[in-house]
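Student: I have a sequence and a model to go through. Could we take it piece by piece, with the cut-offs stated as we go?

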Amino acid sequence: MSEPKEIKDDLIMTLIVGEPNDAGNEDCVIASDSSDSTICGGRTIKSRACNERESYDKIIFRDKSTRNSGDGTCTSPGRCKDCKDGFYASGGYCEKACSWRSDSTRCYPGYCDEQLASKCRCTRGFSGIQCDEITEYVKIMHAEAKLSDESNTILTTPDDPNVPYNQPVKWSNNNKWKFLELDFSLKYHTFEMPPKPDPTGDKHFVTYFKYDIEKALLVIEHRSMGVSRNNRMLNCRNGYPYPNISYYKLWLNITCTAENGGSLIYRDREDGNRDIKVRLKGKTVQSSLIFRWDYITPYQECINGSKTDCNQPPVDCKDVSKQPDIKVRWGGWKDDLSGIDHFELELYELVSTGRHLNHINGPAVHRDEKISVHTSEQILKLPKPGMYSMILTSIDKAGNHQSARCLVFYDDISVVDIKHTKRIKVNEASAKTNYTWVSVDDVELSVTWPDRFLNERHEKHGWLYEVAAYVGVQEEYDDLYGPRKVSPIDNIHGIVKFEIKYEVYGPYLKANQSFTQTANVLSQAEYLNITWEDGYRLDITVKALDILDNYKDDIISVYKDVSSPVIQNLWLTKGDRVNISVHSMEDFSKMTIEWEAFDYASGLDQVEWRLYNNHTGIEEHGKATPTTQGEAETLEDCINKYGSAPKGPSCYCTMFHGCFHKHFQIRPNIVKDSGITPGMEIGLHDSDYYIEVTVTNKALLKTKKTIQISLDLSPPHEGYVHDGLKGDSEVDFQQDLNIDAHWEGFFDKESGVDFYQYIFSDHCFSKNEMAISKEVFRITMK
């Protein structure tokens, strides 16, 4: 800034003129046309317009003379003219100029428009009343700190050296750093070139001016195990290696401080032209780069125990799924020093090797290496059915990491099948009945189904084997939760659970048990306590489930019958005569055999008869297996079916096996194995033969009954018939109508006398007449 030309050499002080308390546009008011009434600064010429006196200030000239007023003239409203030395016209005032005085402004570096202190304009980059305050900061253009070790591993902060401010802490877990290299560059400039000073002081009272970066310091501080050490101060403008930092560190702080400033010298013309030095008020900037060390791995608060009442696994996924989209969730991860930086998630397929499942050789099926700390779940799509291992790794800002694993089993294909060569059976049931009938009265029944059920794919691929430990996962961070964890799953042929239920019918529901899990899946068995009676049915259902809850049911029905069938009234018959034990003809095919056989609990399964003699050992004359006379669903069906039986229908019904006709009448034909054996149909007089009937019920319990018959071809020996009562003399006539008779001497040495027939008549009856007469009386021998 150049000094105003009208200032004389002997001017050493500036005087303030005017009315500083006046404001606005009231400096000049036209009151009349008279020049004596012209107003400047609210005054007229008569009231010292443009010539106000300063009571506490004055200008001292080199000849020692002074002036404390502007001595100007108000030539027109609001306009002063001819202000004296040291004063300048400004509107309705004579104002002071820029100067060295403390009550004015040096306005340097800057410009005084129209030489007025009130119009001082500081150079851009400076401010303040005196323009001696620097407004611009030193810029740290580049800031970089590098740690390196002997293997040339390098850790740099910040990530972008061109952004040196407000950088986060750079964390490390390396305690082998050997060298520290620093690189800082600074820059300071103003946006406008300041005016040059006048070294002579003739044209401007400022004789010297300089500004720049005045101070730049680099402070390095180490803290190891809580102790500050190795503080150093370096010049920020250069990069320096900083060796010997290999000890165990916790904290390293590099701070660059830069301050701008400067000074000027001005000449005080009121004090013998004494030079006065003034320092500029600068700005200070600072940038810190911080390294910290963290050797502690992240942790999950439930595993660590820092949070009580916590059962959240470190990483959680649906253990088993029929859908390929699997949601993986995690939470509760902490790091007390550097904090969690990010997560990584890897997905591996597991394959069986021996009796273990291991990670398949090769790359991960899926890998996400940079998951935000604000993310706590992801959905992964599994490529195909199988066992998978999901590894979540929590990585802190120092590079320490902790991994956790969850297992997931995906299968949308497999089913539970039945081996048709195997079966469910009640071991107390009779093997001869194909384990259908229980013929013991035990309350506890043992039910087994060895190898009946299977999930072929689960067994083939070993997907239920134990999962081998993974080198990067500590045991407590492994999958120890849910139905599919690292431990092997007890299974038999891929089946992990059996449930059993039963229902007892007789014929309506009498007792039942809903599906109940068996005690041990490997035993493929269960004991049932059953209370039931003969003829009841027991329905047993076994449900086999795989790990995905796919299942297959299989049901069996068993029946109870501990009692043998009944045979009664086994005899020969002749017409209406029953219970005959003597056959009067030598031809066995002429005889009629009758009996009753039944089993109310189970019905009959087989009926067999045979005829044999035992003269010189058993000699069979015939045998047959007639029908059981069942095959009727209802009693009405049975009655209709056997309504034409010789003695009419004699039906009964079981609870579950239909209805039967229990009266059997056999007239054997001469057919081998289905009647009298050809050639064996003729018997011997006065010989004994045996008829044996064997009946088997559906529980295959048997009842056998045998009767002896005799073959008697001769009639009884004749005896005598007498009139009158026994003991009295025989009479040939009598007077009353009561006729008495008695006889004696009749006998049969082969078979004995079975009965007598007699008739009273007026003539003798022949044998044939006796047989057909309805007047014949009969006496049966006891």
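**Strands, core and ring pairs**

Student: Which residue in β29 stands opposite Val328?
Tutor: Val328 belongs to the covered face of strand β24 (residues 325-330). β24 pairs with strand β29 (residues 377-381) in the antiparallel sense over five bridges; two strands pair if DSSP finds at least two bridges between them. Across this pairing, the residue in β29 opposite Val328 is Gln378.

Student: Which atoms do the side-chain values use?
Tutor: This is a predicted model, in which local features need pLDDT of at least 70 and side-chain atom pairs count only at pLDDT 80 or more, while totals for chains, interfaces and linings use all residues.

Student: How many strands does the protein have?
Tutor: Helices (H or I, at least four residues) and strands (E, at least two) are DSSP runs, numbered from the N terminus. On that basis the helices come to four. The strands come to 58.

Student: What share of the 782 residues counts as buried?
Tutor: Buried means under 20% relative accessible area, exposed over 50%, and partly exposed in between (1.4 Å probe, protein chains only). Of the 782 residues, the share that counts as buried is 46%.

Student: Which residues make up the uncovered face of β24?
Tutor: The covered face holds Ile326, Val328 and Trp330. On the other side, Arg329 stands opposite Asp316, where strand β22 (residues 315-317) pairs with β24 in the antiparallel sense over three bridges. The uncovered face is Asp325, Lys327 and Arg329.

Student: Which residues of the largest nonpolar core touch the most other members?
Tutor: A nonpolar core is a set of buried Ala, Val, Leu, Ile, Met, Phe, Trp, Tyr and Cys residues joined through side-chain atoms within 4.5 Å. The largest one has 36 residues, and those touching the most other members are Leu180, Phe184, Ile254 and Phe291. Strands that each supply at least two residues of this core include β11 (139-148), β14 (179-187), β18 (251-268) and β20 (284-293). To repeat the names asked for, they are Leu180, Phe184, Ile254 and Phe291.

Student: Which side chain makes a polar contact with the side chain of Ser389?
Tutor: Ser389 lies in strand β30 (residues 386-396) and counts as buried because its relative accessibility is 0%. Contact means heavy atoms within 4.5 Å; leaving aside neighbours within four places in sequence, the residues in contact with Ser389 include Glu346, Tyr348, His359 and Arg405. A polar contact is a pair of N or O atoms within 3.5 Å; within protein, one must be able to donate a hydrogen and the other to accept it, and residues adjacent in sequence count only if both atoms are side-chain atoms. At 3.0 Å, the side chain in polar contact with that of Ser389 belongs to His359.

Student: How many aromatic pairs are there?
Tutor: Rings of Phe, Tyr and Trp (its six-membered ring) pair if their centres lie within 6.5 Å; planes under 30 degrees apart count as stacked, over 60 as edge-to-face and the rest as tilted. By this rule the aromatic pairs come to 26.

Student: What is the angle between the planes of Tyr652 and Phe660?
Tutor: Both Tyr652 and Phe660 are buried. Their rings form a stacked pair, 5.7 Å centre to centre. The angle between the planes is 20°.

Student: Why is the pair of Trp743 and Tyr756 tilted?
Tutor: Trp743 is in strand β56 (residues 741-744) and Tyr756 in strand β57 (residues 755-758), 13 residues apart. Trp743 counts as partly exposed at 29% relative accessibility, whereas Tyr756 counts as buried at 18%. The ring centres are 5.6 Å apart, and the pair is tilted because the planes are at 50°.

Student: Which residue in the turn between β53 and β54 has a positive phi?
Tutor: In strand β53 (residues 687-697), nine of the eleven residues are buried. β53 pairs with strand β54 (residues 702-711) in the antiparallel sense over ten bridges, with Val693 opposite Lys705. The two strands form a hairpin with four residues between them. The turn residue with a positive phi, about 60°, is Leu700.

How values were computed
Residues numbered from 1 in each chain as written. Heavy atoms only, no water.
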